[in-house]
Amino acid sequence: MVKAKSPDVHDGEFSTLNSKFYQGSPHSYFERRLQSLTVALGAEGAINDLLKSGVSYGDFEMNLEDGSNDSVTDGQKEIDDYAAVESVVLLHHTAEATLRLYLAHANRNPCPWLAVAKLMSPREFKQGIQELAGMLQQEDVLDDIAEVFSYRSTPEFLLGKDPTAAWTSHREGLRMLLCEAIRVLLEDAHIYNAAKHGMAVISSDLGFSLGAEQGNESLIEQKGPVLTFLELSHVPETGSMWHQTAAWVDPTKYMGVTFLLIKLMDSLWRSAKAHFEIESAVKLPYLLEANQISDLLGLHLKEGFNVSRMSERLHVAEK
């Protein structure tokens, strides 16, 4: 049976759709989630105190009874476990939303809401960001990225003694940040899917080192929070096999990258409103600094060889 094609929307509808679409605020949703995560990790005691007195929203109320042993968390390990899982989930969700919004606004698309809605196939989205990753060194593509995220592709509207240097750093920051968002979605998808679908991950702390034949210094050393999950991987010699994989995660780095992606999403939204004349003027875009992003992406990485995950093949059942 041939699948019916979705009908095209007449371009006379675009103006109305755009006016409605930009009444939303996607970056505000992600910003709230990042704020909630930060508070949950950094103010456990204050949260417990609030819940003991009762917290409500509408008809829903939650409280912890005085004198009970219940709490939001059960010690530092539970906080660290939550940080590991939620920072991964939030980063992936934010990265996907940012890239989908960019693809929908690229090349001055006349109706981004419709473009987002049409990109329903996960395979098509994956192919789209793979193609984008291969074009991020092209000047015309960087021009379009700058226009989508920063209103203009050139720095004439910037103030300061050296707007060209600031703009060059900003464009490189855009490229680096989008590269990282694409890497997260393509390389770490199994971690996100395991957490998202059934919470099929185990959070723990793991360390290992490989030493030299002489001396006490380690040739390779890695330690910190890991998420362990099962994944099906293709092995050339034997075909597909199940693996138990432990992947090191870095909640503070992930939260920093999420913060910057949220800022980009905000800039994209404000730029689009100006492009479609929904707002008469655009505020100065959030300017990135390439050096700061480089430092963030290199946070907690050691010089030389870094291990990000370890996998163990599982025995295959006899047929």
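Predicted model: local features only at pLDDT ≥ 70, side-chain atom pairs only at ≥ 80, totals over all residues.
Residues are numbered from 1 along each chain as its sequence is written, and side-chain values use heavy atoms, with hydrogens and water left out.

The secondary structure of the protein consists of 11 helices and 6 strands; these are DSSP runs numbered from the N terminus, with helices (H or I) of at least four residues and strands (E) of at least two. The protein has 319 residues, of which 39% are buried. Its accessible surface amounts to about 19600 Å², and carbon and sulfur atoms contribute 52% of this area. Among contacts (heavy atoms within 4.5 Å) with a separation of 6 or more, 70% join residues 24 or more positions apart.

In soluble globular proteins, nonpolar side chains tend to be buried together. A nonpolar core is here a set of buried Ala, Val, Leu, Ile, Met, Phe, Trp, Tyr and Cys residues joined through side-chain atoms within 4.5 Å. The largest such core holds 63 residues, and Leu99, Ile145 and Phe149 touch the most other members. With neighbours within four places in sequence left aside, Ile145 is in contact with Tyr102, Leu136, Ser150, Leu174 and Leu178.

Aromatic pairs were assigned to rings of Phe, Tyr and Trp (its six-membered ring) with centres within 6.5 Å; planes under 30 degrees apart count as stacked, over 60 as edge-to-face and the rest as tilted. The count by this rule is 7 aromatic pairs. In one of them, the ring centres of Phe21 and Trp113 lie 5.5 Å apart and the planes meet at 10 degrees, so this pair is stacked. The pair links distant parts of the chain, with Phe21 in helix H1 (residues 14-21) and Trp113 in helix H5 (residues 112-118), 92 residues apart. Phe21 is buried at a relative accessible area of 14%, whereas Trp113 is partly exposed at 36%. For Tyr29 and Phe30, a centre separation of 5.0 Å and planes at 75 degrees make the pair edge-to-face. Tyr29 is partly exposed, with 43% relative accessibility, and Phe30 is buried, with 5%. One aromatic cluster is formed by Phe21, Tyr22, Trp113, Trp269 and Phe276.

Charged side chains also lie over aromatic rings, the criterion being NZ of Lys or CZ of Arg within 6 Å of the ring centre and within 35 degrees of the ring normal. Arg100 is placed over the face of Phe125, 4.2 Å from the ring centre. The charged end of Arg152 lies over the ring of Tyr151, at 4.0 Å from its centre.

Helix H10 (residues 251-275) contains Lys273, and Thr258 also has its place in helix H10. Lys273 is buried, at 16% relative accessibility; apart from residues up to four places away in sequence, Lys273 touches Tyr22, Ile278 and Glu279. Tyr22 is itself a member of the aromatic cluster described above. Thr258 is buried at a relative accessible area of 1% and touches Leu34, Leu90, Leu91 and Thr94, with residues up to four places away again not counted. Thr258 and Leu34 are separated by 224 residues in sequence, yet their C-alpha atoms are 7.8 Å apart.

Most residues other than glycine have a negative phi. Asn107, which is not a glycine, has a positive phi of about 55 degrees. Asn107 is located in the loop between helix H4 (76-105) and H5 and is exposed, with a relative accessible area of 64%. Met199, likewise not a glycine, has a positive phi of about 50 degrees. Met199 belongs to the loop between helix H9 (189-196) and strand S3 (202-211) and is partly exposed, at 48% relative accessibility.

Technical notes. Buried < 20%, exposed > 50% of the residue type's maximum accessible area, 1.4 Å probe, protein only. Areas by Shrake-Rupley, 256 points an atom, 1.4 Å probe, with all protein chains shown as cover.
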